[in-house]
Amino acid sequence: MRDWLRSEPIVIASGKGAVLRDTKGKEYLDANASIWTNLHGHAHPRINTAMQKQLNKIAHSSALGLANEPASYLAERLVNAANTSKRGKGKHFAKVFYSDDGSTALEVALKLAYEYTRRTGRSKKPKFLSLQGAYHGDTVGAVSVGHIDLFHKAYSGMLFQADKVMAPYCYRCPFNKAKPERADARSYRKCNWECVGKVEQTFAKQKKKGNPYAGFVFEPLMQGAAGMVPQPSGWLKKVTDIAKGQGALLIADEVMTGFGRTGISCRVHRDAIIKAQNRPVSKTLFACQRPEVEPDFLCLAKGLTGGYLPMAATLTTQSVFDTFLGEYHEYKTFFHGHSYTGNQLGAAAGLASLDLLEGKQSLHQRAVLQQAMHESLKELWSSPYVGDVRQVGLVAGIELVKDWRTRKPFDLSEQAGMRVCKAMAKRGVLTRPIGSVIALMPPYCTTAKQMKQMVMVLREAIEETFSNSKAP
Ligand code: PMP
């Protein structure tokens with residue numbers, strides 16, 4: 001906070017497309033899509049018009065005991081979009097519960113899963129399992145299933161107890177003991193799925209205790225706040241099959257990964273990228289759909305309104321819904337509801353955003369941007385301070401290290417990521433670090449040229465920041 005008070009803040013006044021402008025007229029590229037929310041660019045004419053139209057009718061009326069049109073239509077569209085899978089049954093998700101942000105989308109899923117488990121007699125004391133390094137929001141329930149000590153440890157006394165299990169982090173995998181010596185040795189080594197084994201063991205251990213896990217909470221394909229850590233192809237299917245086999249409900253947090261963020265093809269990693277232009281483009285919007293994982297709860301926020309307004313949705317199945325169905329005197333209802341639930345203005349933005357996402361232009365933009373990101377990121381490998389460059393679709397994480405050969409991390413107190421981001425801001429590119437990982441996930445309207453610019457600026461910023469250190 002002292003750092004914040006000491007420095008002059010950048011005060012944003014307006015935005016257009018991928019560009020933000022401050023009160024002094026300086027322009028910046030929005031390289032993290034305003035903390036991972038913005039999809040199509042700022043001041044998008046289609047979303048602006050949809051919201052203006054809605055504004056002329058009504059901005060908000062309560063959804064407690066009342067319905068409204070835009071939120072109802074949006075719910076139908078979300079269910080349809082989430083049900084599109086190769087198997088094409090189209091019946092998995094049936095219901096949508098609205099709330100305000102990513103954290104509350106998780107709270108809703110956790111509470112529903114908890115009570116569903118109790119009411120169906122599976123457990124009197126439902127317990128949850130989540131991933132090492134997990135971040136699911138800042139409210140107390142979401143923090144309980146989070147495992148980042150820096151954010152969460154101070155509150156341990158007020159949290160419910162949830163277990164954690166090893167998550168893949170191939171770059172720093174404890175089972176990958178061999179030291180990289182050459183530049184091409186930066187790639188991950190083959191393994192025996194030890195991390196999947198850990199999940200299997202953890203589930204088995206809990207079952208032995210006589211109270212199998214009620215729910216398994218995870219981010220699919222990539223963990224965001226853990227440091228933009230991708231899961232190796234096949235991991236998600238394997239672990240969710242284990243969880244399902246043990247009777248656990250699957251709670252997928254797609255707050256970051258949802259709405260096309262994980263791209264137009266599943267495996268986008270280093271040179272293994274599938275060339276966007278030459279391949280049929282996947283139209284699925286959610287990370288779980290690619291490996292055909294059907295969670296019991298799908299938590300959405302951030303990009304739901306195209307990054308315009310706070311709004312969240314927790315999608316679930318008919319079977320969960322029915323557990324809360326009863327006559328008045330049975331008091332089975334799900335007693336949870338926020339004042340702004342089902343907000344019309346947010347829903348109007350959400351509908352316009354889905355129109356855009358499902359249109360050909362957006363698919364094309366995303367394919368081009370994904371490829372441009374991959375091409376530009378290659379530039380970074382030659383920096384001695386770049387340990388790993390990770391890309392899944394339209395998300396990238398660049399891990400800074402003291403020495404790429406040893407993978408020696410910077411100490412948090414050195415603020416390596418923060419310093420690099422400050423140097424980037426000076427050069428007109430805005431993003432935020434996750435420790436020593438620089439996140440790049442621009443709006444989909446970002447051009448190949450702008451993408452290149454972001455990476456070039458990042459490279460210069462790394463050079464400037466560490467120019468006084470002895471080159472490793
Ligand atoms: N889940 C994930 C995966 C997130 O990345 C975030 C926010 N970064 C959240 C939940 C919480 O969302 P919000 O900040 O909207 O509460």
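1. Phenylalanine 203 is buried, with a relative accessible area of 1%. Buried means under 20% relative accessible area, exposed over 50%, and partly exposed in between (1.4 Å probe, protein chains only). This is a predicted model: local features need pLDDT of at least 70, side-chain atom pairs count only at pLDDT 80 or more, and totals for chains, interfaces and linings use all residues. Residues are numbered from 1 along each chain as its sequence is written, and side-chain values use heavy atoms, with hydrogens and water left out.

2. Now the aromatic rings. The structure holds 11 aromatic pairs. Rings of Phe, Tyr and Trp (its six-membered ring) pair if their centres lie within 6.5 Å; planes under 30 degrees apart count as stacked, over 60 as edge-to-face and the rest as tilted. Phenylalanine 203 sits in helix 8 (residues 194–208), and tyrosine 213 in the loop between helix 8 and strand 7 (215–218), so the pair ties together parts 10 residues apart in sequence. Helices (H or I, at least four residues) and strands (E, at least two) are DSSP runs, numbered from the N terminus. Tyrosine 213 is buried, with a relative accessible area of 4%. One aromatic cluster is formed by Phe203, Tyr213, Phe216 and Phe218.

3. A second pair deserves a look. Tyrosine 385 and phenylalanine 466 form a tilted aromatic pair, 4.8 Å centre to centre and with 35° between the planes. Tyrosine 385 lies in the loop between helix 12 (360–377) and strand 13 (386–392), and phenylalanine 466 in helix 14 (residues 448–466), so the pair ties together parts 81 residues apart in sequence. Tyrosine 385 counts as buried at 8% relative accessibility. Phenylalanine 466 counts as buried at 2%.

4. Next, helix packing. Helix 3 (residues 45–57) and helix 11 (residues 344–358) pack at about 150°, with their axes 8 Å apart. Axes are lines fitted to C-alpha atoms, for helices over the stretch in contact, and angles run from 0 to 180 degrees between N-to-C directions. The two helices, helix 3 and helix 11, are therefore roughly antiparallel. Angles under 35 degrees count as roughly parallel, over 145 as roughly antiparallel, 65 to 115 as roughly perpendicular and the rest as oblique. By class, the contact of helix 3 with helix 11 has nine nonpolar, three polar and two charged residues. Ala, Val, Leu, Ile, Met, Phe, Trp, Tyr, Cys and Pro count as nonpolar, Asp, Glu, Lys and Arg as charged, and the others, Gly among them, as polar.

5. Helix 4 meets helix 11 too. Their packing angle is about 35°, and their axes are 8 Å apart. The contact of helix 4 with helix 11 has 10 nonpolar, two polar and three charged residues. Alanine 81 is found in helix 4 (residues 69–83). At 11% relative accessibility, alanine 81 counts as buried. Leaving aside neighbours within four places in sequence, alanine 81 is in contact (heavy atoms within 4.5 Å) with Leu285, Phe286, Gln289 and Glu358.

6. Finally, check the backbone. Most residues other than glycine have a negative phi. Alanine 43 has a positive phi, near 50°. Alanine 43 lies in the loop between helix 2 (33–36) and helix 3, and is partly exposed, with a relative accessible area of 27%. Tyrosine 331 also has a positive phi, of about 50°. Tyrosine 331 lies in the loop between helix 10 (318–323) and helix 11, and counts as exposed at 52% relative accessibility.
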